[in-house]
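Let's walk through this model together, one part at a time. Keep the sequence and the 3D view open as you read.

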Amino acid sequence: MRVRLPVALLCVAVAAVAAGPALGQAQKGADSDKAMKSVPAKPAAAKATAGSVNAPSAAPHPNGKKGGVLLAMHREDLAQGFSIHETATIATVWPGMPCFNNLVMFDPFKQVESLDSVVPELAERWSWQDNYRNLVLFLRKGVKWHDGTPFTAKDVKYTFDMVRQAPDAQTRLRINPRKDWYANVESIEAADPHTVIFHLKRPQPSLLMMLASGYSPVYPAHVPVNDFRGKCVGTGPYKLKEWKKGEYIEFARNPDYWVPGRPYLDGIRYLIIKERGTRFAALQAGRLDISFPGEATKPIADQLKSSGAKLNFTLIGTNVNDNLIMNIKKPPFDNVKVRRAISLAVDRRAYAKAVHQGGAVAGASMQPKPYGFWGLLEKDLGRLPGYGKPEDNKAQARKILAEAGYGPGKPLQVEMGTRAIALYVDFASFVINELKQVGVEATLKQVETAQWHPLVTRREYQMGANLTGLGIDDPDGNFYENYACGSPRNYTDYCDEQVMKMIETQSQELDLKKRRPLVAQIQNKLEEDAARPIMGWRTDYFPMAPHVKNLVPHHNIYNYGRMQEVWLDK
Amino acid sequence: MRGYITKRLLIAVVTLFGMSIVIFVLMRLAPGNITDIIFESAGYVDQEDKKRLEVELGIDRPLPVQYGAWMRELLSGDLGKSYHYELPAADIIKPRLPVTLELAFLALAFSILLGVPFGVISAIRQDKPLDYVLRVVSLAGLSMPSFWLGMIVILLLVRSFGWIPSVQYVSPFDDLRANLAQFFFPALAVGYRSSALIMRITRSAMLEVLREDYIRTAWAKGQREGPVVWRHALKNASLPVITLIGIEFAFLIGGLIVTETVFNLPGVARYLIDAIQWRDYPIVQNLVMLIAVIVVLANLTVDLLYAWLDPRIKYGRP
């Protein structure tokens with residue numbers, strides 16, 4: 001396999017030259033090895049996608065003005081400094097992204113993320129070899145880390161060996177939440193200073209999606225990984241100027257940035273404001289230019305709109321879902337019928353209206369359209385438990401519970417745990433009320449938020465109201481993390497051999513037309529098994545001042561924070 | 001007097017020692033530790049990695065050992081290292097102290113400047129319309145939590161003027177005007193509640209004093225209202241007021257926690273809450289000890305003020 005690579009590389013190079021300069025033309029076909037190409041950071045005009053309420057920045061504004069400092073909202077101080085690889089929270093990714101680059105990224109101007117919207121970043125082009133068993137990435141030359149050290153293939157190998165916890169990795173992360181993303185990587189080879197090859201155990205086109213996530217920056221091999229908890233050395237468009245703990249994080253333009261003419265901004269200041277009311281009052285009063293991803297719920301957006309604040313709103317999906325977790329290892333939820341009855345009892349559309357005041361949409365385990373790429377169609381959703389006619393579903397739930405031995409004389413009694421935060425409690429209370437209508441007596445147990453994951457990890461819960469954010473809108477990124485046997489974030493311990501086979505099959509499928517129905521089948525199966533019944537997918541109205549240009553919020557909170565193209569028209 | 005102060009300081013040492021045990025034990029009784037919080041941000045818990053981290057931070061050691069280590073550090077002037085920021089605790093606390101102290105003193109100034117005159121006016125206009133108005137104002141102050149009042153102030157400002165005070169801290173040394181504009185509303189929000197209490201105590205103390213014989217004598221001698229009320233009556237009515245101000249100063253810290261959060265002021269009070277949520281033991285323990293020291297010193301100062309205000313009070317004599 002490796003012997004053939006030089007020949008393949010030559011072919012790729014020829015193909016790349018012939019292919020032209022369009023950006024974002026990666027991954028157009030899946031039936032043969034493909035050469036990919038790019039022109040650095042010259043975004044193609046993007047179409048405004050569905051879901052925009054008022055999206056003046058949906059198409060890129062050319063010829064941005066230089067200068068100005070963007071004042072960005074931030075909801076809490078950094079949990080792990082800038083060590084994105086050690087966290088699974090937007091609170092780190094959002095202010096960390098401007099410091100770093102990825103190998104590839106999602107087109108900043110396209111709201112819907114898919115393999116089609118993956119564009120080059122530190123890898124100026126890439127090529128799949130050996131029927132998607134090897135991903136060859138050709139790295140940009142002349143890129144430097146913020147401390148002046150040249151960026152090479154060694155940095156890439158170092159980073160991803162560390163994340164996948166390779167036996168010969170140079171270092172180890174203190175916490176490693178995304179190790180499983182790279183479970184299919186057999187080895188990483190720095191073929192030369194500007195070529196790196198990911199050797200896979202089996203074909204996996206989704207690897208590119210994972211590499212494009214805001215969660216996948218490249219770290220410098222020469223900086224100890226622990227240092228990122230206090231400082232940031234990246235190749236990104238902005239250099240860390242100051243992190244005033246608990247107050248703000250400030251970046252200044254990287255004058256040596258590898259994209260000529262970028263970034264436009266002199267800097268970015270993320271103001272840490274813990275109180276939500278104050279955050280939005282500051283945005284309304286013009287003390288901030290942009291919101292924080294996922295924060296502007298429908299009630300907040302409605303209030304801002306009614307106040308007459310000069311803000312533009314963009315309705316986007318967040319790729320964050322509310323879900324019910326049931327401890328499958330313990331009765332009564334070891335019985336799939338009982339789980340199914342629970343799922344049937346909760347009216348998903350009423351949930352979106354009552355708990356989110358319409359600021360959420362119904363969908364199965366992948367983000368629904370138009371926000372997501374893989375979500376089930378409305379007509380298919382209607383056939384799943386909890387999505388059809390509420391009265392019919394509830395009647396069916398009562399029947400199933402009766403078959404399982406529960407009824408008016410012997411009601412099913414369960415404890416519903418959740419974080420002691422208003423929105424979670426609202427979520428849990430709604431479900432409890434729905435369950436009451438089918439004769440299930442659920443009691444609410446509020447858990448201090450910091451204790452939530454320790455509790456579910458120890459499986460010391462019966463049933464819980466949970467929230468899951470997905471780093472990428474991709475079946476591999478979701479299914480392996482949340483539904484695969486043995487995954488640390490599979491809190492329910494759902495484990496089905498047939499589903500695992502289906503997940504493996506779709507993961508290797510190169511033809512998108514064939515992969516879509518496979519993914520749909522998995523979603524149907526997961527909902528029918530009530531593996532982790534999805535209650536709804538949250539939306540965000542991402543408000544920003546009209547003078548902010550070229551910031552296009554994506555239908556995924558984790559992947560649009562680079563700020564390379566953003567400029568201020570004032 | 002010197003003997004009295006020495007005795008009080010010795011008692012303070014014992015109090016602080018007791019306080020150190022209470023806060024140390026309470027923090028350990030709270031469920032979870034910093035490693036839980038760190039893993040919380042990663043969405044999973046790996047027991048092996050968690051254990052490794054606990055060893056690294058030294059929180060796997062027996063509690064007496066941990067307490068001994070903290071006391072040794074504290075007595076040598078070392079506040080330890082923040083678990084969250086991985087920086088010396090002193091570096092985290094030091095820049096936040098002036099923010100809280102400024103807010104506390106401004107709030108106290110507001111509460112005295114509003115509470116004492118209103119209390120006096122209310123007393124000398126007893127059962128008149130002005131008295132009723134001021135009593136309603138004070139009752140409202142006691143009924144409204146400062147965080148709620150703070151949020152209402154912010155919402156009213158943004159709604160009415162499209163303006164709120166800066167959400168980024170401005171040092172008085174950089175821009176005094178901007179600093180005062182930033183602190184005015186939070187100080188008012190916190191000070192208003194305290195002023196209401198001070199007003200009520202001042203009023204009742206004044207009413208009592210105004211009925212004393214020597215005041216009646218002063219009136220009979222034809223003295224003007226000003227000297228009678230402000231010089232004779234208020235000075236004698238001020239002992240309970242001073243006591244209350246001392247107690248309120250300690251309570252102010254509690255009020256500041258939420259007010260600093262609402263007005264986004266980076267003070268120690270707000271940070272204390274963050275540190276508790278993070279189970280950042282070195283920060284919480286040392287901050288609580290600092291607050292305890294402030295409370296002890298405030299009480300001592302009040303007691304010493306008694307002697308200055310009332311010559312009949314003498315310390316250190318049998």
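This is a predicted model: local features need pLDDT of at least 70, side-chain atom pairs count only at pLDDT 80 or more; totals for chains, interfaces and linings use all residues.

Residues are numbered from 1 along each chain as its sequence is written, and chains are lettered from A and ligands numbered from 1 in the order in which they are written.

Where do the two chains meet? The contact (C-beta atoms, placed from the backbone, within 7 Å) takes 37 residues from chain B and 36 residues from chain A. On the side of chain B that touches chain A, the elements giving two or more residues are helix 2 (34–40), helix 3 (47–57), helix 8 (146–161), helix 11 (225–262) and helix 12 (268–277) of chain B. Helices here are DSSP runs of H or I with at least four residues, and strands are runs of E with at least two, numbered from the N terminus. That side of chain B divides into 21 nonpolar, nine polar and seven charged residues; Ala, Val, Leu, Ile, Met, Phe, Trp, Tyr, Cys and Pro count as nonpolar, Asp, Glu, Lys and Arg as charged, and the others, Gly among them, as polar.

Now turn to chain A. Six of its strands form an open, mixed sheet in the order 13-17-12-16-14-15, where pairing takes at least two DSSP bridges. Strand 13 (360–361) and strand 15 (440–447) of chain A are the edges, each pairing on one side only. Strand 13 of chain A runs antiparallel to strand 17 (residues 534–540) of chain A, joined by two bridges; A:A360 has A:R538 as its bridge partner in strand 17 of chain A.

Conventions
Two residues are in contact if their C-beta atoms, placed from the backbone, lie within 7 Å.
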